[in-house]
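I am opening a notebook page on this model and will write down what I look up, one topic at a time.

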Amino acid sequence: MKNRYEFTMDYVRYLDDAGDPLDELPALAADAGRLIDAYRNMVLARTLDQKIIALQRTGKCGTYPSVLGHEVIGTAIGQCMDRHDVFAPYYRDQATQLLRGVPMVNMLLYWGGDERGSAGWELCPQDLPISVPIATQCCHAVGIAAAMRIRDEQRAVVVTLGDGATSKGDFLESVNLAGAWHLPVVFVVANNQWAISTPRGLQTGSETIAQKAISGGLPGHIVDGNDYFAVSEAMEHALDRAHGGKGATVIEAVTYRLGDHTTADDATRYRSADELRSAWDRDGIKRLQSYLHHAGHWDAAREKDLQAHCRDKVEKAVHVYLEKAPEPPAAMVDYLFESLPSSLAGQRERLARKVEGGVS
Amino acid sequence: MNASAEKAIRQDEAAPISHRVTLVEAVNLALAREMTNDESVVVLGEDIATNGGVFRATVGLKERFGYKRVMDTPLAENLIAGVTVGMATQGLKPVAEFQFMGFIYAGFEQIISHAARMRNRTRGRLHCPLVYRAPFGGGIHAPEHHSESTEALFAHIPGLRVVIPSSPQRAYGLLLAAIRNPDPVIFLEPKRIYRAVTQTVTDNGEALPLDTCFTLREGDDVTLISWGASIMETLQAADRLSEQGVSAEVIDVATISPLDRETLLCSVAKTGRAVIVHEACRNGGVGAEVAASIAEGAFLDLQAPVVRVTGYDTVMPYYRNEQHYLPQVEDIVAAVEQVIAL
């Protein structure tokens, strides 16, 4: 006797590279206000991004990973999530964080070397700070989802990661647990083709990343990550499942990292100009803008206003960031524990005697 | 199920009663007590629910508190460490068991880069009120990788508390304190003395203080400083020294990080001599931090160099030779004789 187990993976896109519909659009396309809000958030994320890179180049910000090429995925995630869901981000999720109420000043502070960047967050105070160690946030996400299950809450967790992160045990172990425990979590893999200099093809022999879901007993979906409709539809579906107690989902959103890995990287060392140029042709922001134009929701004047509005918002945040004094040096021990252990009292006193810029 | 643990679990919570229990039974009592007191306490780990843990530390908890609060996890230590962080950030108080300390290393990234830092990196917005429990140390003829004492690895990490009980009473009181503490605690249980002695433990929910050494025996001539299973040999050495007319003070450090230097320095100021005893290897061990603290804080009180009696700077031998690795009573007595002679 022989049993056969078969799995399939679908790849979904609704818009062609020029922004013209390839198919009948999902119902969410009827909500023009939502589409315009999405477009505005994408432009804001990109404007902020370009500004932070400029700040880094002029010594006013630390090493920074660009969001370029991830704005569509991030915006779709942010719009679909409920305020009471929990977001477990990595470091290319600026577009989602804007929609989760993380102030731009906080993002600037974080990349500008100030721990207060991950403090506050009044709209979604349970969201995790950015996870720098690759894929580790996946384990937190399933832990949070387990906490929701333990408390019988109808909430869900969304965790994001890159294609490189799917090689790590943290991702695979978390997918495995999400299946075993039937957890309300959505894994969104932003497959941007590059993990610093390692191309997608060297990262895994797996034909798709989404099929890694199968090993944990989860459904996996592939969407065009530059197609707002495809990402939004997949997110809505996955969150409905999670909120409805139907378990976890893995979404592979295929995009391209249009920038360097970080400001400390030089991608011309390992990838061709031709490849980059053709990726720009598939840029999802331009695609949605073009769709909005054709649908009669957008025009040149509104575009001009939006660009000015975004620049102004970013400039104001940058001003606040640059004017903000660093925390007193003693703050570095003040948040280690809830209360300072007596063994640290002497070290805190030494820090308290330090003044900004030197030791007194 | 162990009879006394079963009895302890079935007792009426309202009427604390005293039990003669071993150290591992005291762990069980403390877990049951705090799960009763606080609904946000959950326990998780490999084989801990239905099986009650390979050392039976969690026996009976699933039956009493249900599978939602007592969770068998897949066999993935990194996952256990990280899931615990996620739960803790949302207000649960998870107590995760690593089956043996030798398998905790897969969880290092989660413990060091997340559990220990969450409060600091969010400036208090989120924090991790969690406990990672692990049996540690040698002396039970266990297989390879089951006998190491690597507590110094954790003591080096800012943001972690490292707590080691050395008796049933301290296991009960310190574990309650660890669970109630709003920050991450590595709770290392010396498995060599899991069942070595019984003590009367009153299950009244009273915690013992963290960040504090316990002076187990007062003395005037030398301070013996130890923790974990080595406390047994250290106390026996103090008995033997007493017969020789040497009065030894014995201190159980208990919380090896952050370190209660004050108690240690006060004792050394009185005795003028210090011998540190630990099972872990010497190089870079917590004994070095204790010795350096004494050198910095009580140098002028010292009448002899600080001496360490420790495991050797080598891989923990398989069990045929483990007794030669572990500090013995004779080693401690000899070290004291050496410093007394000076």
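Before I use any domain bounds, I note that they come from an automatic or database domain assignment. I also keep in mind that this is a predicted model.

**Entry 1: chain A as a whole**

I looked up the domains of chain A first, and the assignment gives domain 1 (11-324) and domain 2 (327-360). Taken over C-alpha atoms, the centres of domain 1 of chain A and domain 2 of chain A are separated by 37 Å. For secondary structure I found 13 helices and eight strands in chain A. I then checked the overall dimensions: the C-alpha atoms of chain A fill a box of roughly 75 × 60 × 40 Å along the principal axes, and the radius of gyration of chain A is 21 Å, which agrees with the value near 21 Å for a compact globule of 360 residues. Of these 360 residues, 46% count as buried. Among contacts in chain A between residues at least 6 apart in sequence, I read that 75% join residues at least 24 apart.

**Entry 2: chain B as a whole**

I repeated the survey for chain B, which has 13 helices and 14 strands. Its C-alpha trace spans about 60 × 45 × 40 Å along the principal axes, and the radius of gyration of 20 Å agrees with the value near 20 Å for a compact globule of 342 residues. In chain B, 60% of the 342 residues count as buried, and residues 24 or more positions apart account for 79% of the contacts with a separation of 6 or more.

Chain B is divided into domain 1 (3-202) and domain 2 (214-341), and the C-alpha centres of domain 1 of chain B and domain 2 of chain B lie 27 Å apart. I looked at how these two domains meet: the contact takes 26 residues from domain 1 of chain B and 24 residues from domain 2 of chain B. On the side of domain 1 of chain B that touches domain 2 of chain B, α7 (151-155), β6 (161-163) and α8 (168-180) of chain B each supply at least two residues. By class, that side of domain 1 of chain B has 12 nonpolar, eight polar and six charged residues.

**Entry 3: where the chains meet**

How many residues does the contact take from chain B and from chain A? I read 36 residues from chain B and 36 residues from chain A. On the side of chain B that touches chain A, the elements that give two or more residues are α4 (77-89), α5 (108-115), α6 (118-121) and α10 (261-271) of chain B. Of these, α4(B) gives the most, with nine residues. The residues on this side of chain B divide into 12 nonpolar, 13 polar and 11 charged.

**Entry 4: the nonpolar core**

I turned next to the largest nonpolar core, which has 205 residues, and those with the most contacts inside it are A:V142, A:V185, A:V186, A:F187, A:I251 and B:V275. Helix α1 (residues 32-57) of chain A contributes the largest share of this core, 10 residues.

Is A:A54 buried or exposed? A:A54 is exposed, because 12 other C-beta atoms lie within 10 Å and a residue counts as exposed at 12 or fewer. A:A54 and A:T263 are 209 residues apart in sequence and 9.7 Å apart in space, C-alpha to C-alpha.

**Entry 5: a strand pair in chain B**

Strand β1(B) runs antiparallel to strand β8 (residues 199-202) of chain B, and four bridges join them. Within this pair, B:H19 stands opposite B:V201 in β8(B).

**Entry 6: backbone details**

The peptide bond from B:S257 to B:P258 is cis, with omega near -5°, and B:P258 lies in the loop between β12 (255-257) and α10 of chain B.

I then checked positive phi values. Phi of A:H182, a residue other than glycine, is near 60°; A:H182 lies in the loop between α6 (169-181) and β4 (185-191) of chain A, and with 15 C-beta neighbours inside 10 Å A:H182 counts as partly exposed. Phi of B:D47, a residue other than glycine, is near 65°; B:D47 is found in the loop between β2 (41-45) and α3 (61-65) of chain B, and B:D47 counts as partly exposed, with 15 C-beta neighbours inside 10 Å.

Key. Residues are numbered from 1 along each chain as its sequence is written. Chains are lettered from A and ligands numbered from 1 in the order in which they are written. This is a predicted model: local features need pLDDT of at least 70, side-chain atom pairs count only at pLDDT 80 or more; totals for chains, interfaces and linings use all residues. Two residues are in contact if their C-beta atoms, placed from the backbone, lie within 7 Å. Ala, Val, Leu, Ile, Met, Phe, Trp, Tyr, Cys and Pro count as nonpolar, Asp, Glu, Lys and Arg as charged, and the others, Gly among them, as polar. A nonpolar core is a set of buried Ala, Val, Leu, Ile, Met, Phe, Trp, Tyr and Cys residues joined through C-beta atoms within 7 Å. A residue is buried if 20 or more other C-beta atoms lie within 10 Å of its own, exposed if 12 or fewer, and partly exposed in between; C-beta atoms are placed from the backbone. The radius of gyration is taken over C-alpha atoms; the globule rule is 2.2 Å times the number of residues to the power 0.38. Two strands pair if DSSP finds at least two bridges between them.
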